[in-house]
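Good morning, and thank you for coming. Please look at the structure on the screen while I go through some of its local features.

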Amino acid sequence: MSLRSLFVDFNSYFASVEQHEEPELRGRPVGVAPVAAETTSLIAASYEAKAFGVGTGTLVREARRLCPDIAIRVARPERYVAWHKTLYEAIEHAIPIARVGSIDEVACELVGRQRRREVAEQIAAQVKQEIALVAPGGAIRCSIGIAPNEFLAKTASDMRKPDGLTVIEQADLPHALHCLELRDLCGIGRSMEIRLHEEGITTVAQLTAASKLQLRKVWSGIEGERMWGMLRGAWLPNAATTRGSIGHSHVLGPELRHAAGARAVLKKLLVKAAMRMRREELLSGALAVRIRFVGHDLRWERDLAFDPTDDSRELLQLLNGSLAPGRHGGLPGPVHAVPLSVSVTLMRLVPRTQSTGSLFASTQDAGRIDALVDRINTKFGYNKVYFGGMQLALQHDAAPMRIPFNRIPDADSENEAAHSTIAAHEGAASHDPLWLQSLNRAKVLAESAHRRREHGHNGTDKKSSF
């Protein structure tokens, strides 16, 4: 009776939908790209393509080299969103959904006799049957994990793919996890893995043997204790989170890898972050600016502190001041270096109602202008009204919607329909929060994959152009 969570994870979801709707693609390698271009990265790959080493982050042209038979399809968010609704209605014929994690993941809570293993496995089988009824042909499949808590159930769903079913009971812990790598566990990324290694924890076996105090130290707080409990099967409610920062980053296209291009993209990212901040009724008291350069491992960084504000013009002035030209007259940073990626992050966030404002602030009500611009852009499409310094970024459709994948975004505040290539073709579904969340997760994975590939190809610590 230790089982309390059933987690459903659809396998290669975008590619599977394409295979289902185009039966001749079934059994064939398929890749899904955000736009029709050889230089873009795949955001999904079918299992047939993965067998050739093709995956999220693979350049389209590289995918064709690795797998000449691969079929490349441009992403169709309206179909993925529609199937999301159909498939989740099918799941609810077998068990109520407790939480939607993303466009291809749901968590269900087991209650009463459902917590018995044989009953839970019957429910899992029914989930697969219901999916097969609405999507006959076997193209759309899912892997299911069953465990004492959602964290372990999600982990279990990843252990056997595609079309798997894995059950982890309390008695199986912790040895059932020892076959995994640290990065296989949700919540452990590259940075956390490094911190664990510094603490002498390099395997999951060592992680499960670590004390609560050790993990609290690694996670720098209560999240370490939560991890300690979840690894042991504790049923813990999802932790309440508070907004700590709002930011955006973008890898520059070749046409923008110069000082003017980097500046324009940084301004666009900052204005977008400021708009999001105003929608959440927050003010920022700090700004972090980062620039990475081709062939340089170290990035240029600048952190600014100021009185809390949400005024886009004031923030842009601060950004301009931080980007004073370097010795060579271009961007700050290495002489004659080519910018590769840029990011801005608004920090020290406070609710608007908890800030008295600065005694030295201008008496002019700048907030009225920002509010008017926000209303226009929300109603008619993002960047219908914009600052002139963003023009170059807009001309090249740079820095489109980028949503942190650890939250469900507000689609209205990310509406770039007038400038997003996908949105121009797909309509309102392009702004569906779950689609945006999943697309951004794929982009983050793609960027990481490219950085690892460039690092490996060069044989040095330097990063080069994509």
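Ring pairs join F10, Y13, F14, Y80 and Y88 into a cluster. Please keep in mind that this is a predicted model. A search of the whole structure finds five aromatic pairs. How does one describe such a pair? A pair of aromatic rings is described by the distance of the centres and the angle of the planes. Let us apply this to Y13 and F14. Their ring centres are 5.9 Å apart and their planes stand at 55 degrees, so this pair is tilted. The reasoning rests on a cut-off: planes under 30 degrees apart would count as stacked, and planes over 60 as edge-to-face. Both Y13 and F14 are buried.

Rings also meet charges here. The charged end of K50 sits over the ring of Y47, at 4.4 Å from the ring centre. Likewise, the charged end of K212 is placed over the ring of W228, 4.6 Å from its centre.

I now turn to helix α7, which covers residues 190-198. Which residues of α7 are buried? They are M192, E193 and L196. Viewed down the axis of α7, these buried residues fall within an arc of 105 degrees, so they line one face of the helix. An α-helix has 3.6 residues a turn, so residues three or four places apart point the same way. The face of α7 turned away from the buried side carries the exposed residues R190, S191 and E198. And what covers the buried residues of α7? The cover includes α8, residues 204-209, and α9, residues 212-219. Just after α7 comes G200, with a positive phi of about 85 degrees.

S220 is found in the loop between α9 and α10, the latter being residues 222-231. Is S220 buried or exposed? Its relative accessibility is 60%, so S220 counts as exposed. Another is H336, with a positive phi of about 60 degrees although it is not a glycine. H336 belongs to the loop between α12, residues 312-322, and β12, residues 339-347. With a relative accessibility of 64%, H336 counts as exposed.

One joins K161 and P162, with omega about -5 degrees. P162 lies in the loop that runs between α6, residues 150-157, and β8, residues 165-167. A cis peptide bond also joins L173 and P174, where omega is about 0 degrees. Where does P174 lie? P174 is in the loop between β8 and α7, and α7 is the helix whose buried residues line one face.

Finally, I would like to return to α6, because this helix holds K154. K154 is buried, with a relative accessible area of 18%. The cut-off matters for this step: buried means under 20% relative accessible area. Which residues does K154 touch, not counting those up to four places away in sequence? They are F7, E105 and C186.

To close, let me recall three items. The cluster contains F10, Y13, F14, Y80 and Y88. The buried residues of α7 are M192, E193 and L196. K154, a residue of helix α6, is buried. Thank you for your attention.

Technical notes: Residues are numbered from 1 along each chain as its sequence is written. This is a predicted model: local features need pLDDT of at least 70, side-chain atom pairs count only at pLDDT 80 or more; totals for chains, interfaces and linings use all residues. Side-chain values use heavy atoms; hydrogens and water are left out. Rings of Phe, Tyr and Trp (its six-membered ring) pair if their centres lie within 6.5 Å; planes under 30 degrees apart count as stacked, over 60 as edge-to-face and the rest as tilted. Buried means under 20% relative accessible area, exposed over 50%, partly exposed in between (1.4 Å probe, protein chains only). A charge sits over a ring if NZ of Lys or CZ of Arg is within 6 Å of the ring centre and within 35 degrees of the ring normal. Helices (H or I, at least four residues) and strands (E, at least two) are DSSP runs, numbered from the N terminus. The arc is that of the directions from the helix axis to the C-beta atoms. Contact means heavy atoms within 4.5 Å.
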